[in-house]
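Please walk me through the fold shown here, with the cut-offs behind each term stated, so that I can follow the helix packing and the pocket on the model itself.

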Amino acid sequence: MHKNWPQMAGELSGAIRELRGGAPDVMKAFSGMAQAALKANALDTKTKELIALAIAVAIRCDGCVAFHAEAAMKQGATRDEVMETMGMAVYMGAGPSVMYAAQAVEAFDQFKDARAKDGKTG
């Protein structure tokens, strides 16, 4: 084992509590954003945790890997699902930025609109 991920998550939890006490408004807002992002809608929470895990790998965030690996496991992700997710993380490399995320949504919307104009659904 290279790193003790459960230990890392535990240690970071203490540090995050300190941050929460020192910057309560920011951390409350961050917590609200996390809850909103993870809420099951078109994607279930497990899928969202797998996405977060892939992004954690792509941006090389050890603490994020620890927290989202645990969360994916708690949401019922299988090892095969994690391995497939890791394939996507390796493929994508560096992870999305706000600008590219906005452009990806724009591209999706444009393709969907074009499909709707062609009379196709779905």
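Which residues in helix 1 meet which residues in helix 4? On the side of helix 1 they are W5, M8, A9, L12, S13 and I16, and on the side of helix 4 they are D62, G63, V65, A66 and F67, where contact means heavy atoms within 4.5 Å. By class, this contact of helix 1 with helix 4 has 8 nonpolar, 2 polar and 1 charged residues; here Ala, Val, Leu, Ile, Met, Phe, Trp, Tyr, Cys and Pro count as nonpolar, Asp, Glu, Lys and Arg as charged, and the others, Gly among them, as polar.

Before going further, note that this is a predicted model, in which local features need pLDDT of at least 70 and side-chain atom pairs count only at pLDDT 80 or more, while totals for chains, interfaces and linings use all residues. Residues are numbered from 1 along each chain as its sequence is written, and side-chain values use heavy atoms, with hydrogens and water left out.

The protein chain has 6 helices and 0 strands, taken as DSSP runs numbered from the N terminus (helices are H or I with at least four residues, strands are E with at least two). Buried residues make up 17% of its 122 residues, where buried means under 20% relative accessible area, exposed means over 50%, and partly exposed lies in between, with a 1.4 Å probe and protein chains only. Among contacts between residues at least 6 apart in sequence, 61% join residues at least 24 apart.

Helix 1 covers residues 5–22 and helix 4 covers residues 62–74, and the two pack at an angle of about 105 degrees with their axes 9 Å apart. The axes are lines fitted to C-alpha atoms, for helices over the stretch in contact, and angles run from 0 to 180 degrees between N-to-C directions. Helix 1 and helix 4 are therefore roughly perpendicular to each other, given that angles of 65 to 115 degrees count as roughly perpendicular, those under 35 as roughly parallel, those over 145 as roughly antiparallel and the rest as oblique. Within helix 1, M8 is buried, with a relative accessible area of 17%. Leaving aside residues up to four places away in sequence, M8 touches K3, D62, G63 and A66; M8 and G63 are 55 residues apart in sequence, yet 7.0 Å apart in space, C-alpha to C-alpha.

The largest pocket has a volume of about 950 Å³. On a 1 Å grid over the protein atoms alone, a pocket is an open set of points with protein on both sides within 12 Å along at least five of seven lines, whereas a cavity is a set where a 1.4 Å probe fits but cannot get out; lining residues have an atom within 4 Å of a point. Grid points are joined across faces, edges and corners, and a volume is the space filled by probe spheres set on the points. The lining has 22 residues, of which F30, M33, A34, L38 and H68 lie nearest the centre of the pocket, and helix 2 gives the most, with 7 residues. The lining divides into 15 nonpolar, 4 polar and 3 charged residues.

L38, in helix 2, counts as partly exposed at 26% relative accessibility. Not counting residues up to four places away in sequence, L38 touches T45, K48 and E49. T45, which lies in helix 3, is buried, with a relative accessible area of 18%.
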